[in-house]
Structure formats: structure tokens, C-alpha cells
Amino acid sequence: MDVRLAIYNVNGQLIRNIYHGSLKKDEYNFKWDGTDNTGRVIQSGIYFLYMQSGFNVQTKKIITVSYTHLT
């Protein structure tokens with residue numbers, strides 16, 4: 001089945017393609033490191049996870065928080 005996972009900002013701009021390809025029916029785990037397609041760390045804010053599997057489409061809101069570790 002064709003599967004697509006992507007991150008979009010609130011303006012609908014693609015931030016990161018996480019996965020796009022065929023997968024067999026099963027359970028999968030995907031990790032996102034908080035970077036965009038060029039490898040830059042994204043800013044804190046609201047983003048959307050777009051998930052499509054065949055005709056099934058879901059969108060989930062993600063809130064990211066960036067921080068700097070102080071020593």
C-alpha cells in the first residue's frame with residue numbers, strides 16, 4: 001500500500017517529507033528529529049502531521065518547543 005507521512009506548517013507549506021513509498025500492512029514506527037528537508041532545526045510552533053495510506057487520510061496537530069540548554 002502507498003503510504004505518505006509529511007510535516008506542514010500552519011501556512012500549508014511542506015516542511016519535511018518523513019516517508020513516501022510502499023509498505024506492507026503492519027505496524028511501523030517513524031521518528032522525526034525536528035528538522036526540515038534541508039536539515040535545519042525548525043522553530044517552535046504549531047505544525048501538522050499529514051498521514052495517508054491508500055484512501056485513508058489523517059492530519060494531527062503537533063506543537064513543537066525548541067530550547068537551549070544552559071550550562
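First, the ground rules. Residues are numbered from 1 along each chain as its sequence is written, and side-chain values use heavy atoms, with hydrogens and water left out. Because the model is predicted, local features need pLDDT of at least 70 and side-chain atom pairs count only at pLDDT 80 or more, while totals for chains, interfaces and linings use all residues.

**The strands**

The protein has 0 helices and 4 strands, and along the sequence the pattern reads β-β-β-β. Here helices (H or I, at least four residues) and strands (E, at least two) are DSSP runs, numbered from the N terminus. The C-alpha trace spans about 45 × 25 × 20 Å along its principal axes.

| Strand pair | Sense | Bridges |
|---|---|---|
| E1 (residues 2-9) and E3 | antiparallel | 7 bridges |
| E3 and E4 (residues 56-64) | antiparallel | 9 bridges |

On the E4 side, Leu49 stands opposite Lys60. E3 and E4 make a hairpin with 2 residues between them, and Gly54 in the turn has a positive phi of about 65 degrees.

The largest pocket holds about 350 Å³ of space. Lining it are 15 residues, and the closest to its centre are Val3, Leu5, Leu23, Gln52 and Ser53. E1, E3 and E4 are the elements that give two or more residues to this lining. A pocket here is an open set of points on a 1 Å grid over the protein atoms alone, where a 1.4 Å probe fits, with protein on both sides within 12 Å along at least five of seven lines; lining residues have an atom within 4 Å of a point. The volume is the space filled by probe spheres set on the points, joined across faces, edges and corners.

**The surface**

Of the 71 residues, 24% count as buried (under 20% relative accessible area; exposed is over 50%, partly exposed in between, with a 1.4 Å probe and protein chains only). Ile46, which lies in E3 (residues 45-53), is partly exposed at a relative accessible area of 37%. Val10, Ile46, Ile63 and Val65 form a nonpolar patch on the surface, with about 410 Å² of accessible area together. Accessible areas come from the Shrake-Rupley method with a 1.4 Å probe.

Conventions. Patches are made of residues with over 30% relative accessible area and no salt bridge: like charges are joined within 9 Å, nonpolar side chains (Val, Leu, Ile, Met, Phe, Trp, Tyr) within 5 Å. A salt bridge is a side-chain nitrogen of Lys or Arg within 4 Å of a carboxyl oxygen of Asp or Glu. Two strands pair if DSSP finds at least two bridges between them.
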